[in-house]
Amino acid sequence: MSDEGNGGGRLMSGPLPWIAGGWLLGFGAFNFVLYGAWWRRTRGERRFLRGARAAEPDPLQAAWWLGASWEGAPPQREGYAAEVAVRLLVEAGDAEIDADGRITVPLGRLGSQKDPVLATLVTLLRRHKGATVDELLTNPHFQRFRDRLRTRRAPLRTAFGSYRVPALTASFVTAFGMALHAMFTHCAVPGLPSRDPGLWTTAWIGVWAVLAALAALWPPESSRPWPRFTRRCRAAVARALADRSPGTPPRASMAAPRSAAPRSPG
């Protein structure tokens, strides 16, 4: 009687590998579809990044993408790109900043900028007798500068996208559905001395924890994508601003908008 019961238990647990394999295969297929959707939606961005690897990022484009000098800032902020443009002019001697943060072109300075964005900024500053960064971003007199500056904006999305939440949902559905399927087919929980199929009512939580950890490998929805490009942009801005001559005061940040987020000590 005992041997027959044990044999029956072994037969009842037989379908479990097929049940688990089927549900896990479905979970993997769903994540593969998610990856395919991400690959298709970022095709243009990856094409741009492949072309950007051939040369160092432009400082203004890099400043656009960084959004601020401190890490963790939202990307694609026009204010930081304008601030970097001003600092490049100051370091080249084509602009000055007073104690109130007003940017002016030195008297008699013709300007030596070949970059069209910086050359436009010098022309407008001379024509309108200077401005602050706030005015560069809002005053209609500097619309041409803003239009030129926006041409340097990288064609990249500012957030990774909603992929983690669907993957976590799929992990829950897979774990719960697999446990329910195994319980209805009278399969025992592997590794437990009891062969009661009702134990799946709690054992599924462990399966869910494992699958949820795998689903959490997807980046958060609001996280900044393309970290390698971010590092290259940060290095490009640092190199462009590292050529300040010893006699140039580091006062370009005084022209930054008052609404800008605070910088870290670094």
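Glu-45 is buried, with a relative accessible area of 7%; buried denotes under 20% relative accessible area, exposed over 50% and partly exposed in between, computed with a 1.4 Å probe on protein chains only. The model is predicted, so local features need pLDDT of at least 70 and side-chain atom pairs count only at pLDDT 80 or more, while totals for chains, interfaces and linings use all residues. Residues are numbered from 1 along each chain as its sequence is written, and side-chain values use heavy atoms, with hydrogens and water left out.

Glu-45 forms a salt bridge with Arg-157, with 2.6 Å between the closest N and O atoms; a salt bridge requires a side-chain nitrogen of Lys or Arg within 4 Å of a carboxyl oxygen of Asp or Glu. Glu-45 belongs to helix α3 (residues 43-52) and Arg-157 to the loop between α8 and α9 (164-184), so the pair ties together parts 112 residues apart in sequence. Helices (H or I, at least four residues) and strands (E, at least two) are DSSP runs numbered from the N terminus. Arg-157 is partly exposed, at 27% relative accessibility.

By this rule the count comes to seven salt bridges. Another of them joins the side chains of Arg-150 and Glu-78 (3.0 Å, N to O). Arg-150 lies in helix α8 and Glu-78 in helix α5, so this pair ties together parts that are 72 residues apart in sequence. Arg-150 is partly exposed at 40% relative accessibility, whereas Glu-78 is buried at 17%. Arg-152 and Asp-115 also meet through their side chains in a salt bridge (3.0 Å, N to O). Arg-152 is buried, at 14% relative accessibility.

Helix α8 (residues 143-150) also packs on helix α6 (residues 116-127): their axes come within 9 Å and cross at roughly 170 degrees. Axes are lines fitted to C-alpha atoms, for helices over the stretch in contact, and angles run from 0 to 180 degrees between N-to-C directions. The two helices are therefore roughly antiparallel, a term for angles over 145 degrees.

Phe-145, Arg-146 and Leu-149 are the buried residues of α8. Viewed down the axis of α8, these fall within an arc of 100 degrees, so they line one face of the helix; the arc is taken over directions from the helix axis to the C-beta atoms. Their cover includes α4 (59-66), α5 (78-92), α6 and α7 (133-138).

Terms used:
Parallel < 35°, antiparallel > 145°, perpendicular 65-115°, else oblique. Contact = heavy atoms within 4.5 Å.
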